[in-house]
Amino acid sequence: MKSFSGKALRWEWRDGIVELMLDREPANEIGTVMLADLEKFAAAIKVLEADTAACIISSAQKRGFSAGADLRELYHGAIGLPEKERNAGVRDFVERSHAIANAIDAAPFVTIAAVHGVCFGGGLELALTCDIIVADKMARFGFPELRLGLIPGFGGIPRLKRDLGNAFVRDLLLTGRSVNAARAQAVGLVAQLAGEGEALKVARATAAQVTKFDATTRAAAKKFLKPIPYGELKQEIEIFCELFARPPVLAALKKFVESTDIH
């Protein structure tokens, strides 16, 4: 499937490059609709890989790359359900998210995230699956999950630890504060800093450079450079699910939904 247009994203293949555009209002929150479309992309990787050198993931939404998990959907889907059923639903969602992230992480072609605006929570976790992050100078990155009594649940901690030093990883996670693109580049999270509105343009130039190299060598280099921490990823799922089962988490989600509900 070299082109696709779904409810939350679309992609198109051209001249060895796939461009995947996240496009779900208001800020590409990752809920069941986004997850279903991302699963379609993950399933298409095997078809695409034979003649694909690079894939760019970007956003059509003005607010940014992605604000993270759809907390409103998560909350409304959890309330009213028996505890066992609620916890099973959350585990299924997290495991599906991990399967997608692992598929993108392991793709033999080069993956590039072109980031602008907010890149928080699950959105940052999606960007972390990519080999290269190109960021608009106005982009911001963060993991606010601890404010809800949770940890990142889509593979964020193991991937952040894989790529960056412990001091930055702990500061970002344990404070819940966001960082700007310049700081993200300084610590090695962002590979290339682009002018405002230029992230996709820079990502396209990078992808064009990637197409010049031998596919077998590229795939071997990527596999060697970027091992996937499967053991830690499985551990993250267990910790996330254990934390989600605690009553304070539902209370925090309820507070968030009520404080941001415009109705």
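I start with a definition: buried means under 20% relative accessible area, exposed means over 50%, and partly exposed lies in between (1.4 Å probe, protein chains only).

**Ground rules**

I am reading a predicted model, where local features need pLDDT of at least 70, side-chain atom pairs count only at pLDDT 80 or more, and totals for chains, interfaces and linings use all residues. Residues are numbered from 1 along each chain as its sequence is written, and side-chain values use heavy atoms, with hydrogens and water left out.

I take helices (H or I, at least four residues) and strands (E, at least two) as DSSP runs, numbered from the N terminus. I call two strands paired if DSSP finds at least two bridges between them.

**Entry 1**

I looked up β3, residues 17–22. How many of its residues are buried? I found 5 of its 6 residues buried, and the strand is mostly covered.

Next I checked its pairing. In general, strands of a sheet pair through backbone hydrogen bonds, either parallel or antiparallel. Strand β2 (residues 9–14) pairs with β3 in the antiparallel sense, over 6 bridges. Leucine 9 has leucine 22 in β3 as its bridge partner.

β2 and β3 make a hairpin, with 2 residues between them. I stopped at aspartate 15 in that turn, whose phi is positive, about 50°. Aspartate 15 is not a glycine. Is aspartate 15 buried or exposed? Its relative accessible area is 64%, so I noted it as exposed.

I then turned to strand β4, residues 54–59. β3 and β4 run parallel and are joined by 6 bridges. Glutamate 19 stands opposite isoleucine 56 in β4. From β3 the chain crosses through helix α1 (residues 32–48) to β4, and this β-α-β crossover is right-handed. Right-handed means that, with the strands pointing away from the viewer, the path from the first strand over the helix to the second runs clockwise.

I went back for the backbone here. Most residues other than glycine have a negative phi, and most peptide bonds are trans.

Which peptide bond is cis? I found the one from glutamate 25 to proline 26, with omega near 0°. Proline 26 lies in the loop between β3 and α1.

Asparagine 28 lies in the loop between β3 and α1 too. Asparagine 28 has a positive phi of about 55°, although it is not a glycine. I noted asparagine 28 as buried, because its relative accessible area is 0%.

**Entry 1: helix α2**

I looked at α2, residues 71–78, and found Leu71, Tyr75 and Ala78 buried. Why do the buried residues line one face of the helix? Seen down the axis of α2, they fall within an arc of 70°, so they line one face. The arc is that of the directions from the helix axis to the C-beta atoms.

I checked what they pack against: α3 (83–106), α10 (230–244) and α11 (247–260). Contact here means heavy atoms within 4.5 Å. Glycine 80 follows α2, and its phi is positive, near 85°.

**Entry 2: an open sheet**

I traced an open sheet of 4 strands in the order β5-β7-β9-β10, with mixed pairing. β5 (64–66) and β10 (179–180) stand at the edges with a single partner strand each, so one side of each has no neighbour in the sheet. β5 pairs with β7 (residues 118–120) in the parallel sense over 2 bridges. Glycine 64 has valine 118 in β7 as its bridge partner.

**Entry 3: salt bridges**

I used this rule: a salt bridge is a side-chain nitrogen of Lys or Arg within 4 Å of a carboxyl oxygen of Asp or Glu. The structure holds 17 of them.

Aspartate 105 and lysine 226 meet in one, at 2.7 Å, N to O. Aspartate 105 is in helix α3 and lysine 226 is in the loop between α9 (215–225) and α10, 121 residues apart. Both aspartate 105 and lysine 226 are buried.

Aspartate 131 and lysine 222 meet in a salt bridge at 3.0 Å, N to O. Aspartate 131 lies in the loop between α4 (122–128) and β8 (132–136) and lysine 222 in helix α9, so the pair ties together parts 91 residues apart in sequence. Aspartate 131 is partly exposed, at 27% relative accessible area. Lysine 222 counts as buried, at 9% relative accessibility.

Last, I returned to arginine 162. It forms a salt bridge with aspartate 163, with the closest N and O atoms 3.3 Å apart. A network of salt bridges links Asp105, Asp131, Arg159, Arg162, Asp163, Lys222 and Lys226.
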